[in-house]
Amino acid sequence: MVRKTLVATDDSPQAEAALEYALEEFPESAITAIHVVRLPEGYWASFATSEAALPGYENARERGEEVVETAVQSAADTDREIETAVEKGKPAREIVDYAVENGFEQIVVGSHGRHGVDRVMLGSVSEAVVRRAPMTVIVVREQ
């Protein structure tokens, strides 16, 4: 049975390190790179009738497609093929939900390594994924 690995990607060096780690450490795994388009909350969301009506949504969706295409190219550079997904919503929630709904055995995420006030102010997607996921989560720090 082929193991399924989900790799969160956002075009950061940390996400690149996570993909590189997954490709190296799990050569027999079927890998999917996921990017989550964060939807605006608050004022703008109150008036939008659909995601497409939100300011900048189409640009963000296109950017998400570019991000996962970059992951496909990185995998191709190591003679690997990967699947991709672009979802919308709150990143940590969407990553975990996607992993559960699609039967992934593990999630690999990059960590920005923020501490203290920065982490409290900015939040931590990787930390939230670790807390919410019912499967193994591997957090990779960029070296």
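How many bridges join β2 and β3, and is their pairing parallel or antiparallel? The answer is six bridges in the parallel sense, where two strands are said to pair if DSSP finds at least two bridges between them. Before I go further, please keep in mind that this is a predicted model, in which local features need pLDDT of at least 70 and side-chain atom pairs count only at pLDDT 80 or more, while totals for chains, interfaces and linings use all residues. Residues are numbered from 1 along each chain as its sequence is written, and side-chain values use heavy atoms, with hydrogens and water left out.

Let me begin with the overall layout. The chain holds six helices and five strands, these being DSSP runs numbered from the N terminus, with helices (H or I) of at least four residues and strands (E) of at least two. Read from the N terminus on, the elements follow one another as β-α-β-α-α-β-α-β-α-α-β. Of the 143 residues, 39% count as buried, and here buried means under 20% relative accessible area and exposed means over 50%, with partly exposed in between (1.4 Å probe, protein chains only).

The five strands form an open sheet with parallel pairing, in the order β3-β2-β1-β4-β5. At its edges are β3 (83-88) and β5 (136-141), each of which pairs on one side only. From one strand to the next, the twist averages 25 degrees, with axes taken as lines fitted to C-alpha atoms, for helices over the stretch in contact, and angles running from 0 to 180 degrees between N-to-C directions. Packed on this sheet is helix α1 (residues 13-25), which touches β1 (4-8), β2, β4 (106-111) and β5, and whose direction makes about 145 degrees with that of β4. Returning to the pair I opened with, Val 36 has Glu 87 in β3 as its bridge partner.

Within β2 (residues 30-37) we also find His 35, which counts as buried because its relative accessibility is 11%. The side chain of His 35 reaches the backbone oxygen of Thr 9 at 2.9 Å. Beyond residues up to four places away in sequence, His 35 touches Thr 9, Asp 10, Gly 64, Val 67, Val 68, Ala 85, Val 86 and Glu 87.

Some of those names return in helix α3 (residues 57-77), whose buried residues are Tyr 57, Gly 64, Val 67, Val 68, Ala 71 and Ala 75. They lie on the same side of α3, because they cover an arc of only 85 degrees around the axis, the arc being that of the directions from the helix axis to the C-beta atoms. These buried residues pack against α1, β2 and β3, whereas the face turned away from them carries the exposed residues Asn 59 and Asp 77. Just after α3, Asp 79 takes a positive phi of about 60 degrees.

Finally, I would point to Pro 91 in helix α4 (residues 91-101), which is counted as buried because its relative accessibility is 11%. Leaving aside neighbours within four places in sequence, Pro 91 is in contact with Val 36, Arg 38 and Val 125.

Terms used: A polar contact is a pair of N or O atoms within 3.5 Å; within protein, one must be able to donate a hydrogen and the other to accept it, and residues adjacent in sequence count only if both atoms are side-chain atoms. Contact means heavy atoms within 4.5 Å.
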